[in-house]
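This briefing is meant for a reader who is meeting the structure for the first time. Please look over the sequence and the model, then read the points below by topic.

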Amino acid sequence: MATGDHADEKDVATKAASYAPGARTGRPEAPYGGATVEERAQDMRRGMTDEDVAIRNRRPQLDEEGVPRVNPQGRPLRIIKKKEVFVENDEARRYVPSSPDAPGPASAEPPKPGVLREAAKITDRMLHKTNYDDPDYWGLASVMTEEEAELTRHMKRRVPETLEQVAEGAGVSKERAQELLDSLSVKGVIEYNWENLDGKNPKGEKRYVLPMFVPGAAEFTVMNQQQLNEHPELGSFFERMTYLPLTMATKMVPPGGAGVGMHVIPVEHAIKHENQSADVEHLSHWLKKYDHFSVGACSCTLAERARTHNAGRDPQNWCIGVGDLADYSVETGKGHYITYDEVIDILLNAEKNGYVHQITNIDGEHKIFGICNCDVNVCYALRTSQLFNTPNMSASAYRAHVDEEKCVACGGCVEVCPAGAVQLGQKLLTKHGRVSYPKQPLPDDHAWSEKDWDPDYKDHNRIECHETGTSPCKVACPAHIAIQGYLRMAAQGRYRDALALIKKENPFPAVCGRICNKRCEAACTRGLVDDPVAIDDVKAFIAAKDMEAEHRYVPEPVISSNRGRHLEKVAVVGAGPAGLSCAYYLANMGYNPVVFEKNPLPGGMMVYGIPSYKLEKDVVAAEIDVLREMGVEIRCGVEVGKDVTLDELRKQGFRAFYVAIGCQGGRKAGVEGEDAKGVSTAVDFLRCALDDPQHQVEGSTVVIGGGNVAIDAARVSRRCGSSDVSMWCLEQPDEMPALPLEIQEAEDDGVTIHNGWGPAKVEVDEAGHVRGVTFKRCTRVFDEAKHFSPTYDESDTTFVPCQNVVLSIGQSIVWGDLLKGSKVKLGRGNGAVADPKTYQTDEPDVFVGGDVYTGPKFVIDAIAAGHEAAISMHRFVQTGSSLTLGRNPRHYVELNKDEVVLAPADYDHSGRQVPACQKVTSIDHNWHDPRRQFTEEQIRKETARCLKCGASIVDTNKCIGCGLCTTRCEFDAIHLTRDVPEASTMYTAEDKMKAILPYQAKRAVKIVRTRLAGEKNEGSK
């Protein structure tokens, strides 16, 4: 249940549509991180004139076949492979080794001693003799022939040679040398350039280079996507060559990387005000240094897709080649030219997606050949610092720091941090003073071994909260909305920003502002002082701004592709809160989901189960309209299983299904007479009554049940004209599942509540119509283990005459033929059985959620479930992806309120604000919601009551200085500072020991001092 690798199980009809040639996502439009997109683009132009940009925006001339014959600056090209070929997810072959170090297929083939020799020459592995079972060999042997190995035999690693020099050294003709070099270049074993960094190429001749494996040949072999598909083991070759050479080396590397691998380069906007920055720290510097660019697939994503460990992103068009590498990529079919403006589009889209900018770091301060936009869930370069816990390998010169006064623990920086360096904590004082937070040990002054590594860093880095806890409101909310954040925005009058922050986790704020069960308020720390902050009323005020079309907030999609919206077709069955939320988040990821709903209107129980005096239907409709604007198609009046089957939808091309049909049926009590005329379940009664505002209920009504649905049934009965309405439930007043406010409102409507009674029999008259109910005394509802286990005193009974009975003792799932012929298993309560993290069922393309999985819950629970299901479906349809690796576990811990110390001077002393309520003269057939929103003055007063419990905490030992945290903060609360300037000293790979040896000497001294200090501390205990 943990993989999206299911391509072989699907027939041709389910293949995704193809992207149009040249399809582009384009530049984001919505501002982020407190800056507009144009401001961010302008920052990347630092030092460039309009003319400089115009030069870099030139496009190459194309021949009649659409092939460039000169590069954008007019230099003639020698095209070896005419066309860059994209291998799409469904076409991509997989290779998953039985163990990480299992030999590849070439190890079992006739040995190639020449290739073995070349592998030993190229590799960076220390103190290791290369053999035929090593990836250094079998990866290279997958693509390199013995004749090609003989050609490169005389070549030294990373020492360029002209064609003539290669031919002479190999003892072959220039013609044959050219043929072999062309083959090796297309394969990615050889690269070439025209540069003169060594001073030996004043005429700018093309020179061929035998590159190192990483960064180099291992990437290039994978970027030839046809070749990778023929030899999917190349993905594991690349993965191993980014791991094995570093197992001994990473702990020895000083800040800056010492000419090894890749180097993080910060978000440009995050360091625009840093006066002491070096040019090499700026993307703008490198964009100005080179005058033409290409883009190709992310080799890490391609490799991880082949290994079934991708995390859902489209591999294509993420890695930017600069200068000569751009020409090499185009000539060998590994990329295509793009303009400067398109480069900026890709960089901005990467920031929106939370991808880290990195540059190659093996050629010193005068050269890079690539800018990568790296997803930590697949990136091997980021892994070097994360797995080995050695940030020196890739970290920039910068570290993030939080302005605690401005921070509202919204969690944006935490969610995006690729290193897990930022986690949620608290800023309230405790009985023991300020909470102190742990720091990640570093190898700088510690002996470092495998026990200090973190093989599960992808999962561990996604844990968002310190175990000492954070804001109780965020923790208690099932959707984990940034409540403290939107309260601050509302206090500042930033209502649209507040709405955007809410909608990150809840697409129905107006609905929830009216019917939520307010777990956030129950947990609010302010309750220690007086009354909790009126969080829900603030949310209702903010959401009211979304009801008018001209002020409506429609989020801009964040698409993990540079080729436009995702083309895979996905379906949602059921247009209730879970299904619609899933569709919302799928649309926000760039899909166009189709929602199938059997009822005439979408909304599920929000429309057919909740009375309008609590939730008016135009509120639901307005929020659903936002989904349509986002690209969601809703097909009402279509019952899946009856009007169309899942198999028929599969044949139409749908790749995944989210089944969220809710609990649409009511349960009966199992007592005599319950099938009489005049007896109905609450679900059926509410559907009938709410569908007809003039529905009439004659005579007296007994509602059996003590939950919120029972309350609704009772109050609706009163509004429909029932002369007397009473509720009878098993629970005592303090045990009732109904919310206290709901109980009070029912009593205000004239409903009487009788506690401690269960139905014994429904009495029926001669015409078969109910005439009353006999109840028996309930002596206990729950057993010692708090399980539902009622007991009764059968001798203590009472008869209640009535003309109507509404059974509100539970809800049931009505599957119909929806699952007919599927592998979906049903379990307790007839609910679907699924993986608790991914919601995937035993039918791999069917996911479930909401009440059909959990049983009846609240709208906010369904919203949270729909969000998680959307993530699973996204990863599933992007085949080759894991449904679980690197996924946010949504693990939050509430701070210990018993330890909190609040001084009177630390908080505002205003009392809780109460919104106005319109006077109701009669409830008969009155479906109008009398509640009003806060005034702006009340908003200011109420938001000032927030104690501002939470804050983001940065572990600077883990921070890699990418600046992505700043792109998520809307409060100017987190910034980069240049704490480690030495990290910007760039070395060539050949000079790495000049950096490593002095650092190692200093490190050895520090380790001894640390050990001695530890021994001294032990001795003093």
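This is a predicted model: local features need pLDDT of at least 70, side-chain atom pairs count only at pLDDT 80 or more; totals for chains, interfaces and linings use all residues.

In which helix is Pro-215 found? Pro-215 is found in helix α8.

**Helix α8 and its residues**

- The peptide bond that runs from Val-214 to Pro-215 is cis, and its omega is near -10 degrees.
- Helix α8 also holds Glu-219.
- Glu-219 counts as buried because its relative accessibility is 13%, and the cut-off for buried is under 20%.
- Apart from neighbours within four places in sequence, Glu-219 has contacts with Phe-213, Val-214, Phe-238 and Ser-299.
- Glu-219 and Leu-234 are 15 residues apart along the chain, and their C-alpha atoms are separated by 9.3 Å.

**Helix α10**

- Helix α10 covers residues 233-241, and nine of its nine residues are buried, so this helix is largely enclosed by the rest of the structure.
- The buried residues of α10 are Glu-233, Leu-234, Gly-235, Ser-236, Phe-237, Phe-238, Glu-239, Arg-240 and Met-241.
- These buried residues pack against five helices: α4 (135-141), α8 (213-223), α9 (225-230), α12 (299-306) and α15 (380-386).

**Helices α19 and α20**

- The description of two packed helices uses the angle between their axes and the distance between the axes.
- For α19 and α20 the packing angle is about 170 degrees, and the axes are 8 Å apart.
- Helix α19 is therefore roughly antiparallel to α20, as angles over 145 degrees count as roughly antiparallel.
- On the α19 side the contact is made by Gly-485, Tyr-486, Met-489 and Ala-490, which meet Tyr-495, Asp-497, Ala-498, Leu-501 and Ile-502 in α20.
- Sorted by class, this contact between α19 and α20 has seven nonpolar residues, one polar and one charged.

- Glu-505 sits in the loop between α20 (495-503) and α21 (509-515).
- With a relative accessibility of 6%, Glu-505 counts as buried.
- Leaving out residues up to four places away in sequence, Glu-505 touches Glu-415, Ala-479, His-480, Ile-481, Tyr-585, Ile-863, His-867 and Arg-890.

**Cavities**

- Eight cavities of 30 Å³ or more are found in the structure.
- The volume of the largest cavity is about 100 Å³.
- A total of 14 residues line the largest cavity, and those nearest its centre are Cys-473, Cys-524, Cys-946, Leu-947 and Cys-949.
- Two elements give two or more residues to this lining, namely α18 (472-476) and α19 (483-491).
- By class, the lining of the largest cavity has nine nonpolar, three polar and two charged residues.

**Residues with positive phi**

- His-925 is not a glycine, yet it has a positive phi of about 50 degrees.
- The place of His-925 is the loop between α32 (859-877) and α33 (936-943).
- His-925 has a relative accessible area of 23%, which means that it is partly exposed.
- Asp-972 is not a glycine either, and its phi is positive at about 55 degrees.
- Asp-972 is in the loop between α34 (964-968) and β27 (974-977).
- Asp-972 counts as partly exposed because its relative accessible area is 44%.

Technical notes:
Residues are numbered from 1 along each chain as its sequence is written. Side-chain values use heavy atoms; hydrogens and water are left out. On a 1 Å grid over the protein atoms alone, a cavity is a set of points where a 1.4 Å probe fits but cannot get out, and a pocket is an open set with protein on both sides within 12 Å along at least five of seven lines; lining residues have an atom within 4 Å of a point. Grid points are joined across faces, edges and corners, and a volume is the space filled by probe spheres set on the points. Helices (H or I, at least four residues) and strands (E, at least two) are DSSP runs, numbered from the N terminus. Ala, Val, Leu, Ile, Met, Phe, Trp, Tyr, Cys and Pro count as nonpolar, Asp, Glu, Lys and Arg as charged, and the others, Gly among them, as polar. Buried means under 20% relative accessible area, exposed over 50%, partly exposed in between (1.4 Å probe, protein chains only). Contact means heavy atoms within 4.5 Å. Axes are lines fitted to C-alpha atoms, for helices over the stretch in contact, and angles run from 0 to 180 degrees between N-to-C directions. Angles under 35 degrees count as roughly parallel, over 145 as roughly antiparallel, 65 to 115 as roughly perpendicular and the rest as oblique.
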